[in-house]
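Subject: Structure handover and findings

Hello,

Here is the structure for your files. Please open it alongside this note.

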Amino acid sequence: MIFAVIDTNVFVSALLTKHRDSATVKVVEAVLDGRITALKSREIVNEYREVLARPQFHFPEGAVMRILATVEADGIDLSAQSSTEEFPDESDRIFFEVALAGATLGTKLVTGNLKHYPTSPIVVTPSQMVALLDSGYL
């Protein structure tokens with residue numbers, strides 16, 4: 001099983017794209033079908049709810065509810081592990097710190113914005129996560 005913290009931008013990109021074979025769609029499908037177990041915190045879920053409900057996106061309510069229900073029901077709550085790293089946007093810190101807390105599980109932080117996070121082997125792009133899924137990474 002793969003454990004991952006999913007940056008909100010991955011869900012947004014997957015819901016926006018018209019390309020059903022995109023890496024972001026494949027990552028979201030892996031969360032929905034249980035190949036990826038999402039690690040979460042209350043703050044992360046709150047951000048998902050707020051961002052995915054923004055009216056400018058016009059996301060289908062059913063798709064948003066399925067993502068949120070899966071993350072909440074099947075995801076694992078973790079308390080953030082404090083980090084001294086600096087972040088261009090402090091709201092991204094919680095994603096990195098929850099991923100750090102799951103490091104012993106081999107956790108990855110999946111993001112489309114590598115520049116928002118410290119350089120770290122735990123931070124991967126959606127394409128890198130798809131490669132890990134395809135390789136049978138555990």
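Predicted model: local features only at pLDDT ≥ 70, side-chain atom pairs only at ≥ 80, totals over all residues.

Residues are numbered from 1 along each chain as its sequence is written, and side-chain values use heavy atoms, with hydrogens and water left out.

Sheet

Five strands make an open sheet, in the order β3-β2-β1-β4-β5. The pairing is parallel. Strands here are DSSP runs of E with at least two residues; helices are runs of H or I with at least four residues; both are numbered from the N terminus. Two strands pair if DSSP finds at least two bridges between them. β3 (76–77) and β5 (123–124) stand at the edges with a single partner strand each, so one side of each has no neighbour in the sheet. Strand β4 (residues 108–110) runs parallel to β5, and two bridges join them. V110 has V124 in β5 as its bridge partner.

I44 sits in helix α3. I44 is buried, at 0% relative accessible area. (Buried means under 20% relative accessible area, exposed over 50%, partly exposed in between, with a 1.4 Å probe and protein chains only.) Which residues does I44 contact, leaving aside its neighbours within four places in sequence? They are V5, I94, F95 and V98. Contact means heavy atoms within 4.5 Å. I44 and V98 are 54 residues apart along the chain, and their C-alpha atoms are separated by 9.1 Å.

Salt bridges

The count is seven salt bridges. The rule is a side-chain nitrogen of Lys or Arg within 4 Å of a carboxyl oxygen of Asp or Glu. Some of them:

- E72 and R49: the closest N and O atoms are 2.2 Å apart. E72 lies in helix α4 (residues 61–74) and R49 in helix α3 (residues 42–52), so the pair ties together parts 23 residues apart in sequence. E72 is partly exposed, at 36% relative accessible area. R49 is partly exposed, also with a value of 36%.
- R35 and D33: the closest N and O atoms are 3.0 Å apart. R35 is partly exposed at 40%, and D33 is partly exposed at 49%.
- E50 and R54: the closest N and O atoms are 3.0 Å apart. E50 is partly exposed at 42%, and R54 is partly exposed at 31%.
- E90, R93 and E97: these are linked in a network of salt bridges.

Largest pocket

The largest pocket has a volume of about 170 Å³. A pocket is an open set of points on a 1 Å grid over the protein atoms alone, where a 1.4 Å probe fits, with protein on both sides within 12 Å along at least five of seven lines; lining residues have an atom within 4 Å of a point. Points are joined across faces, edges and corners, and the volume is the space filled by probe spheres set on them.

The lining is A14, L15, R20, V25, V28, E29, L32, A63, R66 and I67. Elements giving two or more residues to this lining are α1 (8–16), α2 (23–32) and α4. α2 gives the most, with four residues. By class, the lining has seven nonpolar, no polar and three charged residues. (Ala, Val, Leu, Ile, Met, Phe, Trp, Tyr, Cys and Pro count as nonpolar; Asp, Glu, Lys and Arg as charged; the others, Gly among them, as polar.)

Best wishes
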